[in-house]
Amino acid sequence: GINAEYGEEIFADPENEQQNFMKNVMKDVVGNLPGLDELIALVNIFKIVDQHQFDVVVFDTAPTGHTLRLLSIPRSIDKVLRQLIQMKSWVGGLVNAMSGSLGVNATVNMDMMDELLPVIERLNKELKDPDITTFVCVCIPEFLSLYETERLIQKLTALDIDTHNVVVNQVVYPDKTDTGKVSCGLCASRSKMQTKYLDQIADLYEDFHVIKMPQMPLEVKGTKVLKRFGQFLVSPPDMNSKSVHDLVHDL
């Protein structure tokens, strides 16, 4: 049930357990570094960017935990590769002598680490260059989302990755009557709850560019609606003078 591209079933030979053990160790060391799959994906993305002319490339990343792991992989593998390259020079003769009997082309795989290292160095450099890369954090005004956003920003800072934009999505702006009273009790409760976290966001990220995106009265999908919603990122609407229905009345 496992795709052969990602998994391999290995049958041990009881009569050659030591040989099988060393063979598998060699494969694990040079071919299955932690996060290698994610690293290769990042490298391939940068290659695609190099081959085409784009003004801006946007990566829609996974939730916080997966994203932090992905972003920390180049630095982690850089350290591991440097250690393995030092080991290669120390045990190079032994590895080459054993490669034939083990059935592993160890020389090629070990040389691959020398070729991979400058690619990782470039990846690390471009991720840390604020003129090339910046990270836009997107959250909603609720406790867990704010907590995850703060954790993300602290980790990005530790990784020297630029971040100075926060988009706060699904902000509720209740409809009001002509007398200024909120006409929806649920909307009023949600808005009151969100106000507390919006104030915290303002305090935490006073040096950031914070954009508040309104909770829309319709589903944000389709080219026409997405373009209208995207305009709010550049020119946020003044919600003190209009309702969310005014934003989409012509859609």
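**View 1. Aromatic pairs in the predicted model.** The structure holds 3 aromatic pairs. One of them is Phe143 with Tyr147, a stacked pair at 6.4 Å centre to centre and 20° between the planes. Rings of Phe, Tyr and Trp (its six-membered ring) pair if their centres lie within 6.5 Å; planes under 30 degrees apart are stacked, over 60 edge-to-face, and the rest tilted. Both Phe143 and Tyr147 sit in helix H5 (residues 143-158), 4 residues apart, about one turn of the helix. Helices (H or I, at least four residues) and strands (E, at least two) are DSSP runs, numbered from the N terminus. Phe143 counts as exposed because its relative accessibility is 54%. Tyr147 has 48%, so it counts as partly exposed. Buried means under 20% relative accessible area, exposed over 50%, and partly exposed in between (1.4 Å probe, protein chains only).

This is a predicted model: local features need pLDDT of at least 70, side-chain atom pairs count only at pLDDT 80 or more, and totals for chains, interfaces and linings use all residues. Residues are numbered from 1 along each chain as its sequence is written, and side-chain values use heavy atoms, with hydrogens and water left out.

View 2. Phe229 and Phe232 form an edge-to-face aromatic pair, with 6.3 Å centre to centre and 75° between the planes. Phe229 and Phe232 are both buried.

**View 3. The largest nonpolar core.** This core has 23 residues; Leu71, Cys137, Leu156, Val166 and Val168 touch the most other members. Two or more residues each come from H2, H3, helix H4 (106-127), strand S1 (136-139), H5, strand S2 (165-171) and helix H6 (185-204). H5 gives the most, with 4 residues. Another core lies apart from this one; it has 10 residues, among them Met216, Phe229, Phe232 and Met239. A nonpolar core is a set of buried Ala, Val, Leu, Ile, Met, Phe, Trp, Tyr and Cys residues joined through side-chain atoms within 4.5 Å.

**View 4. Around Cys137 and Thr149.** Leaving aside neighbours within four places in sequence, Cys137 is in contact with Thr149, Leu152, Ile153, Leu156, Thr163, Asn165, Val166 and Val167. Contact means heavy atoms within 4.5 Å. Thr149 belongs to helix H5. Its relative accessible area is 4%, so Thr149 is buried. With neighbours within four places in sequence again left aside, Thr149 is in contact with Cys137, Val138, Cys139 and Tyr205.

View 5. The structure holds 4 salt bridges. In one of them, Glu126 meets Arg122, the closest N and O atoms being 2.8 Å apart. A salt bridge is a side-chain nitrogen of Lys or Arg within 4 Å of a carboxyl oxygen of Asp or Glu. Both residues lie in helix H4, 4 residues apart, about one turn of the helix. Glu126 is buried, with a relative accessible area of 16%. Arg122 is partly exposed, with 35%.

View 6. Glu142 forms a salt bridge with Arg190; the closest N and O atoms are 2.9 Å apart. This pair links distant parts of the chain: Glu142 is in the loop between S1 and H5, Arg190 is in helix H6, and 48 residues separate them. Glu142 counts as partly exposed at 28% relative accessibility. Arg190 counts as partly exposed too, at 33%. Lys221 forms a salt bridge with Glu219, the closest N and O atoms being 3.7 Å apart. Lys221 and Glu219 are both exposed.

**View 7. A nonpolar surface patch.** Ile48, Phe54, Val57 and Phe59 make up this patch, with about 380 Å² of accessible area together. Patches are made of residues with over 30% relative accessible area and no salt bridge: like charges are joined within 9 Å, nonpolar side chains (Val, Leu, Ile, Met, Phe, Trp, Tyr) within 5 Å. Accessible areas come from the Shrake-Rupley method with a 1.4 Å probe; for residues, only the protein chains shown count as cover. Phe59 is in the loop between helix H2 (36-51) and helix H3 (64-102). Its relative accessibility is 44%, so Phe59 counts as partly exposed.
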